[in-house]
Amino acid sequence: KTRRKQPLVGGEEIDHRLAQLEDPNSDLARQWDEDHDKHVFRKLLAVIRPDFAAATWEAFTRFALEDRPAAQVARELGLSENGVVQAKFRVLKRLREEGAGLLD
């Protein structure tokens, strides 16, 4: 017995979703933009990762991405608080350079 594949969404549903994507104020368009930005951000992180020493990257990850206090990250990694803040600054600067124009 052979079954024909049914489309996941019909033509009317596709038209409706496309109309929503065209409206920058729709929930679907906002979600699309947010998902796109997250995807680009992850790709940019992967591109620039090799440019940094392991300790710098770990300090950035814990402080900037995991939102942990600089003092705590400094203690955990044996760095100064200023070193943790500088790691964040250097990585963000590099992210801005690499991603210029990709994320608004």
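Me: How do H4 and H5 pack, and at what angle?
Reply: This is a predicted model. In it, the axes of H4 and H5 lie 8 Å apart, at an angle of about 105°.

Me: Why is H4 called roughly perpendicular to H5?
Reply: The label covers angles of 65 to 115 degrees. The angle here is about 105°. So H4 counts as roughly perpendicular to H5.

Me: Which residues make the contact?
Reply: H4 contributes Ala70, Ala71, Val73 and Ala74. H5 contributes Glu81, Val84 and Val85. By class, the contact of H4 with H5 has six nonpolar residues, no polar and one charged.

Me: What makes alanine 71 partly exposed?
Reply: Partly exposed runs between the limits of under 20% for buried and over 50% for exposed. Alanine 71, in helix H4, has 26% relative accessibility, so the label is partly exposed.

Me: How far is alanine 71 from valine 85, in sequence and in space?
Reply: They are 14 residues apart in sequence. C-alpha to C-alpha, alanine 71 and valine 85 are 9.8 Å apart.

Me: Which residues of helix H4 are buried?
Reply: Ala70, Val73 and Ala74 are buried in H4, which spans residues 70-77.

Me: How do you know that the buried residues of H4 line one face?
Reply: Look down the axis of H4. Its buried residues fall within an arc of 100°, so they line one face of the helix.

Me: What covers the buried residues of H4?
Reply: The cover includes H3 and H5.

Me: What follows H4?
Reply: Glycine 78 does, and its phi is positive, near 70°.

Me: Why are H3 and H5 called roughly perpendicular?
Reply: Their axes are 8 Å apart and the angle is about 95°. The range for the label is 65 to 115 degrees. H3 and H5 are therefore roughly perpendicular to each other.

Me: Which residues make that contact?
Reply: From H3 come Thr56, Trp57, Ala59, Phe60, Phe63 and Ala64. From H5 come Val84, Val85, Ala87, Lys88, Arg90, Val91, Leu92 and Leu95. The contact of H3 with H5 divides into 11 nonpolar residues, one polar and two charged.

Me: How many aromatic pairs does the structure hold?
Reply: It holds two.

Me: What makes the pair of phenylalanine 52 and tryptophan 57 tilted?
Reply: Take distance before angle. Rings pair if their centres lie within 6.5 Å, and these centres are 6.0 Å apart. Planes under 30 degrees apart count as stacked and over 60 as edge-to-face. The planes of phenylalanine 52 and tryptophan 57 stand at 35°, so the pair is tilted.

Me: Why is the pair of tryptophan 57 and phenylalanine 60 called tilted?
Reply: The centres are 5.4 Å apart and the planes are at 50°, so this pair is tilted. Ring pairs link Phe52, Trp57 and Phe60 into a cluster.

Me: Why are tryptophan 57 and phenylalanine 60 separated by about one helical turn?
Reply: Because they are three residues apart in helix H3, residues 54-65.

Me: How do you know that tryptophan 57 and phenylalanine 60 are buried?
Reply: Buried means under 20%. Tryptophan 57 has a relative accessible area of 12%, so it is buried. Phenylalanine 60 has 1%, so it counts as buried. Phenylalanine 52 is buried too.

Me: Why does arginine 62 count as buried?
Reply: The cut-off is under 20%. Arginine 62, in helix H3, has 18% relative accessibility, so it counts as buried.

Me: What is arginine 62 in contact with?
Reply: Leaving aside neighbours within four places in sequence, arginine 62 contacts Asp67, Arg68, Val73, Glu76 and Leu77.

Me: What makes glutamate 98 partly exposed?
Reply: Glutamate 98 lies in helix H5, residues 81-98. Its relative accessibility is 32%, so it counts as partly exposed.

Me: Which residues does glutamate 98 touch?
Reply: Not counting residues up to four places away in sequence, glutamate 98 touches Leu44, Val47 and Ile48.

Me: How many helices and strands does the protein have?
Reply: Five helices and zero strands. Of its 104 residues, 21% count as buried.

Key. Residues are numbered from 1 along each chain as its sequence is written. This is a predicted model: local features need pLDDT of at least 70, side-chain atom pairs count only at pLDDT 80 or more; totals for chains, interfaces and linings use all residues. Side-chain values use heavy atoms; hydrogens and water are left out. Helices (H or I, at least four residues) and strands (E, at least two) are DSSP runs, numbered from the N terminus. Buried means under 20% relative accessible area, exposed over 50%, partly exposed in between (1.4 Å probe, protein chains only). Contact means heavy atoms within 4.5 Å. The arc is that of the directions from the helix axis to the C-beta atoms. Axes are lines fitted to C-alpha atoms, for helices over the stretch in contact, and angles run from 0 to 180 degrees between N-to-C directions. Angles under 35 degrees count as roughly parallel, over 145 as roughly antiparallel, 65 to 115 as roughly perpendicular and the rest as oblique. Ala, Val, Leu, Ile, Met, Phe, Trp, Tyr, Cys and Pro count as nonpolar, Asp, Glu, Lys and Arg as charged, and the others, Gly among them, as polar.
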